[in-house]
Amino acid sequence: MPRSPVLLGRATAVLLGLTAATDLFALWAGSVLLDANDEVYFGSGADRFDAADRLYRAVGLAQTVALIATVVVYLCWFHRVRVNAEWFRPDGHRMSRGWAIGGWFTPIVNLWYPRRITVDIWDASGPGAPWERPRSHALVNAWWTLWVLSLLADRAGSRMYARAETSSELHDALFQVMCADGLDLAAAVLAILVVLRLTAMQNAKALQGPPGDPAFPAAPGGPAGPAAPAGPATPDAPGVPTGPASAAPAGPAAPAGPSGPVRPVG
């Protein structure tokens with residue numbers, strides 16, 4: 001039986017929102033550091049630069065803590081919806097369950113395996129799966145594209161920031177890192193939408209139950225399970241006097257016995 005992903009989904013959405021908030025804070029702190037760096041370039045504002053640099057490093061630490069917490073809860077949610085999706089549609093998955101975790105940490109393949117697993121989960125969790133056409137993957141594709149771009153931009157910006165020695169190099173590195181933060185912010189917002197949408201799809205499908213199973217209520221407009229057998233019929237009413245008018249009235253007819261149970265509908 002599938003397990004509810006609702007609580008994990010909500011927790012994941014909240015932590016993704018926290019990650020987005022730290023990205024937004026990092027963009028502000030980066031702009032402060034950029035201004036302070038420009039003042040140093042023109043020969044003033046050394047004290048302001050030191051304060052801005054400490055602020056930027058503190059924000060970077062907050063981003064790391066939020067990211068770690070988000071990753072832990074997100075992976076718990078992702079594994080659960082993957083297991084649920086296998087219950088909904090056992091034959092609709094190109095990757096095994098283990099890749100729902102390992103696919104994020106394996107070099108090279110982590111650029112497309114998680115997206116492939118997400119699409120399989122998405123298709124299996126649709127209301128009409130596996131008979132109807134799956135819902136559009138546009139939201140998943142947009143989220144994954146921004147996520148990959150943010151990863152690449154962050155790696156490039158981190159290398160530039162570590163190697164920067166002059167104010168001009170630091171300016172370019174900060175701009176690159178801020179672009180990565182902006183991409184990560186947008187990816188986090190879309191990830192929230194993916195998590196909430198997929199969680200709602202699985203919750204609705206679990207409540208719908210397998211088509212034709214009387215243990216589950218039928219979804220609106222969906223196939224219902226077999227009908228319950230009808231109960232025994234009520235006895236017939238007493239007979240009515242028959243024969244010509246001159247004949248003596250006949251006695252009441254014996255009540256008819258109960259009929260057998262009605263055969264269940266197909």
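## Terms and model

Buried means under 20% relative accessible area, exposed means over 50%, and partly exposed lies in between, using a 1.4 Å probe and protein chains only. This is a predicted model, in which local features need pLDDT of at least 70 and side-chain atom pairs count only at pLDDT 80 or more, while totals for chains, interfaces and linings use all residues. Residues are numbered from 1 along each chain as its sequence is written, and side-chain values use heavy atoms, with hydrogens and water left out.

## Leu174

Leu174 sits in helix H6. Helices here are DSSP runs (H or I, at least four residues), numbered from the N terminus. Leu174 has a relative accessible area of 0%, so it is buried.

Which residues touch Leu174, leaving aside its neighbours within four places in sequence? They are Leu33, Leu34, Tyr56 and Tyr161. Contact means heavy atoms within 4.5 Å. Tyr161 is 13 residues from Leu174 in sequence, and the C-alpha to C-alpha separation is 6.8 Å.

## H2 against H6

Two packed helices are described by the angle between their axes and the distance between the axes. Helix H2 (residues 46-88) and helix H6 (residues 167-208) cross at roughly 25°, and their axes come within 11 Å. H2 is therefore roughly parallel to H6 (angles under 35 degrees count as roughly parallel, over 145 as roughly antiparallel). Axes are lines fitted to C-alpha atoms over the stretch in contact, with angles from 0 to 180 degrees between N-to-C directions.

The H2 and H6 crossing is left-handed: the near helix is turned anticlockwise from the far one by less than a right angle. Contact residues of H2 include Phe49, Tyr56 and Trp77, and those of H6 include Leu170, Leu174 and Asp181. By class, this contact holds 13 nonpolar, 4 polar and 2 charged residues. Ala, Val, Leu, Ile, Met, Phe, Trp, Tyr, Cys and Pro count as nonpolar, Asp, Glu, Lys and Arg as charged, and the others, Gly among them, as polar.

## H4 against H5

Helix H4 (residues 113-124) packs on helix H5 (residues 138-163) at about 160°, with axes 11 Å apart. H4 and H5 are therefore roughly antiparallel. Their crossing is right-handed.

H4 contributes Pro114, Arg115, Thr118, Val119 and Trp122 to the contact. H5 contributes Leu139, Val140, Asn141, Trp143 and Trp144.

## Ile108

Ile108 lies in the loop between helix H3 (99-102) and H4. Its phi is positive, about 70°, although Ile108 is not a glycine. Most residues other than glycine have a negative phi. Ile108 is exposed, with a relative accessible area of 58%.

Terms used. Helix = DSSP H or I, 4+ residues; strand = E, 2+ residues; numbered from the N terminus. Parallel < 35°, antiparallel > 145°, perpendicular 65-115°, else oblique.
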